Amino acid sequence: MAQLHRHRGGHDPGRRTDEVRAAAEVMLTASALGPGGPDPRLLDRYRAAHGGVPDAHLLALARHAVGMRVLEHAERVNSTSAVRRALVLLCGALSAATPDHPHLDTFHSNRGSAYWALFERTGERSTLDAAVADFARAAGAPEGGLRPAAAPHGGKGRATLLSNLGAALSARFEVSGGPAADLAAALHVQRQALRATARDDPDRALYQSNLGSSLVTRFEHMGDAGSLAEAMSLLADSLRVPSLDGSEQAYRRSNMARALLRHFERTADTDALRAALDHVTQAVSATPHGDPARASRLGSLAAVCLRVFDRTKDDAVLDSAEDALHEALSHPHRLRRAHLDLLGVLHQRRYDVKGGPEHVRAAVSAYEEALALTPAGHPGRPGALSNLGNALIGRYRADRAASDLDRAVGLLREAVRAPAEDPDRCRYLTNLGAAHAERAGLTTPRSRGSAPAGGSSQLMGSPTDDRPTVARHPAATGRAVRERERALAAYAAAAGVATAPALGRARAALYRGRLAASVDPRRSDALDGYRHAVGLLETLAWFGLARTDQEQLLREFSGVAAEAAACAIAQGRHDSALELLEQGRGVLLAQAVGGRGGPELLDRTRPLLARRLRRLQSVLERRTFDRRDPAEPSAPALAVQMARTSAAAADREALLKLVRRLPGLERFLLPPDAAELRGAAEHGPVVVVNVSGLRCDALVVTTGGVRCIPLPGLSRDRLHEVARAHLRLVAALRRPGTPRQRAAAAENLRETLAWLWGNVAEPVLTGLGLDHRDDGWPRLWWCPTGPLAVLPLHAAQRYDPARLCDTGVTDRVVSSYTPTLRSLIASRERPASAGPTGDAGSAEGARDTRSLLAVCVPRVPGRPHLRHAAREVRAVQGARRPGPESRLVVLAGRGATRSRVTAELHRHRGLLFVGHSSQDRAIPAAPPCIPRTVP
């Protein structure tokens, strides 16, 4: 939630008249508001200068003037009691004023400012309601209304009144979660304020910032990306105007940081995150000590620092966050509980990275105090219970005090009593599952790098051995069995919370699958958990996100598809294993090639449905009340959020059913069908090599079915070692070296190829009955997974003493590769006449059925010259059968520009690339990166 901000102009909305200036004399003495009223001598002086002014008008002006002086003093010293004294005086001014008082709107506006100041310090909802009522009255809104029907006066003063009213309405919407009329009215009057202000008016920047803040609020609650884009534009414009008022500049920067943070959450744009950190740091620096906004901005700084740390693991950023929180907590503030939550998150982050018991003990201490400030019935209590329970699990691991674990279970059981539609219930259940697993003497294995990315209420805290494996646990009896089953039930319930973001649900499903598989991979709930997690990968890589952002999410689930397939293989369900592998590994590539039933097809054929589906998904994925954002959501606000997410979940399921009834979209966001995948083997078998910590196997796909060839000599850990050694070897071969060094490298390469032959290639080829032959080699496609994707399976070979020469894959089959089966099918099913965008019927886009495009780039700056590249192209050209449809089109050297290659690709059946390329090791199945040869 956006922090509440101060507004300039509430104290003087442009009505500085002679009477107001004269009243300043009256306020010079405290006796002006004594029991007997204003000092008679001062009244006589005033009457002498301004005869005819009624005493009631003068009394109201005097009380107002003194009240404003007290309010200004209260703000300087940050005194809540002084704000209350100012309110008494300002209320007295309005009591003394007659209905025809010429400054009645000023009195209401400034009393609204005082109520606002009190709300900033106490968080009392009634004071915010009073501020809204006063600002609405000052702006000329009808009784009980929010939108002024007519302007009581125009110009600069009216713009200030409208902007103040809009800010108060927006703040009330943030605190209460509704009614929606508050936010709509806020945007309406703030736009009016902006229209009423000249472009060269120095206050225009402030009004832009106010409107921008309300638009960010609209994005947070309604998922309207257009509102966020407009907000960022307005906020950027506001920052281009210099300000002599440091507090106003700090406010503008704080709003900009908030918008950039939301943009980062939506897109994972790290540049936006860095910019948010810069803006909020400057906002804190420009906010003086004693300013009530400083504590809130310090909390915002800590929240941004935590997100930066999640991306960079930079300890210095955590130190900055800790310093900010300690300063924020050194003074009483309405956001104290939220800041304690942030401090707990910070200490848990330190514990996750460093493992020191002092960090988890500090986290427990912070969460204990936060829970003490959260009474029963408070909307934040379930989150506070879950946070403390999660930290107690960590302290149990450090200190082995059974009482910590027992208390954690009790706290988490209370937390999961949250309403069933509460999205955070997924997190509470996940933490409860972790506690039960710990009590069973088990840990829930997860892959490295899968630490939760959320805030304190998002902490999964699943116990983990931090190895990318599925550990096998010995048989358990009695209480351990009961606790294990409770853990699995909690994880299953967490994954089933339909209103929760897909990431949290996928984690819970993954923990369920891994925990069950660690007991016995043949358990049905192991496969169910994995299947659920893999099924959510399509949503995690939602097509509304940029590709790099999708990859960031998928890295956390690296290897999950392989583990799922291994469970299916252990249960003899080979078709299911193939479907899970294809779905999990093919999410990114299926979108890149526009596979059937994918998001690209929905975008092209049913754009309105695609946009509607995106909007619904954005509601489910958005974390409006992230506890790393120092905010205090009210019960009504949370109720509104729950209702919105529950409705979005139901609407999304109904819309998915509608989409899947459309031609070509029957498998939209569903796993592919094994019968369809078998079509990839139309021209020869496809060998999908699955590597996991449970087992390693080759799934051989033919048009007749899927069979499994176990690979007992292959292990994931050993494969990782071989792959790392091979990458080092390739790097060494690219560097100049002595003959001895090159000979040693060649020997190492032979050892790698021999290992591949003995443990992967030879068992597969022998299992297929493919023996050595001198001609007529059959085709075979390799589809390797994991680290195997960087190893040369097609070149695997070993010295054969019987034949006195090397024997290997090239003696038995003609090898090709495919990253997924669907991409292989898609490449064969493209229409014979297709343009770059897939449009058929273009003469320019006509494609030969057998022509081959060869791209030859032997020279690239910074890379060795490939002296035999041209010879390789000529050799392929000579091996092609004669005929117009078998010709080889060659783009070589500087003629092989990116634009020319792109233009030619769609006109040919295949591509031969001879040159340098690089591989993304984090996603080895992704297509290689071919360097640009000509700028």
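The following questions and answers go through a predicted model, from its overall make-up to single residues.

In this predicted model, local features need pLDDT of at least 70 and side-chain atom pairs count only at pLDDT 80 or more, while totals for chains, interfaces and linings use all residues. Residues are numbered from 1 along each chain as its sequence is written, and side-chain values use heavy atoms, with hydrogens and water left out.

Trainee: How many helices and strands does the protein have?

Mentor: Helices (H or I, at least four residues) and strands (E, at least two) are taken as DSSP runs, numbered from the N terminus. On that basis the protein has 10 strands, and its helices number 36.

Trainee: What percentage of the residues in the protein is buried?

Mentor: Buried means under 20% relative accessible area, exposed means over 50%, and partly exposed lies in between, with a 1.4 Å probe and protein chains only. The protein has 935 residues, and the buried part of them is 54%.

Trainee: Which residue in β2 is the bridge partner of valine 688?

Mentor: Strand β1 covers residues 686–691 and strand β2 covers residues 696–702; they pair in the antiparallel sense over six bridges. The two form a hairpin with four residues between them. In β2, valine 687 has valine 700 as its bridge partner. For valine 688, the partner in β2 is leucine 699.

Trainee: Which residue in β3 is the bridge partner of alanine 698?

Mentor: β2 and β3 run antiparallel and are joined by six bridges. They form a hairpin with two residues between them. β2 is mostly covered, with six of its seven residues buried. The partner of alanine 698 in β3 is isoleucine 709.

Trainee: Which residues touch the most other members of the largest nonpolar core?

Mentor: A nonpolar core is a set of buried Ala, Val, Leu, Ile, Met, Phe, Trp, Tyr and Cys residues joined through side-chain atoms within 4.5 Å. In soluble globular proteins, nonpolar side chains tend to be buried together. The largest core here has 167 residues, and those touching the most other members are Leu165, Phe557, Val686, Val688, Leu699, Val701 and Leu821.

Trainee: Why is α15 described as largely enclosed by the rest of the structure?

Mentor: Helix α15 (residues 336–354) has 19 residues and reaches 27 Å from its first C-alpha to its last, close to the 27 Å expected at 1.5 Å a residue. That expected span is 1.5 Å times one less than the number of residues. The helix is largely enclosed because, of its 19 residues, the number buried is 15.

Trainee: Is lysine 313 buried, exposed or partly exposed?

Mentor: Lysine 313 lies in the loop between α13 (292–312) and α14 (315–329). It has a positive phi of about 55 degrees although it is not a glycine. Its relative accessibility is 47%, so lysine 313 counts as partly exposed.

Trainee: Which backbone oxygen does the side chain of asparagine 759 reach?

Mentor: Asparagine 759 is found in helix α33 (residues 739–767). At 16% relative accessibility, asparagine 759 counts as buried. The distance from its side chain to the backbone oxygen is 3.0 Å, and the residue that carries this oxygen is tryptophan 755.

Trainee: Which residues is histidine 263 in contact with, leaving aside its neighbours within four places in sequence?

Mentor: Histidine 263 is found in helix α11 (residues 246–267). Its C-alpha atom and that of leucine 228, 35 residues apart along the chain, are separated by 7.5 Å. Contact means heavy atoms within 4.5 Å. With those neighbours left aside, the contacts of histidine 263 are Leu228, Met232, Ala268, Asp269 and Ala272.

Methods. Pairing = 2+ DSSP bridges. Polar contact = N/O pair within 3.5 Å; in protein donor to acceptor, adjacent residues only side chain to side chain.
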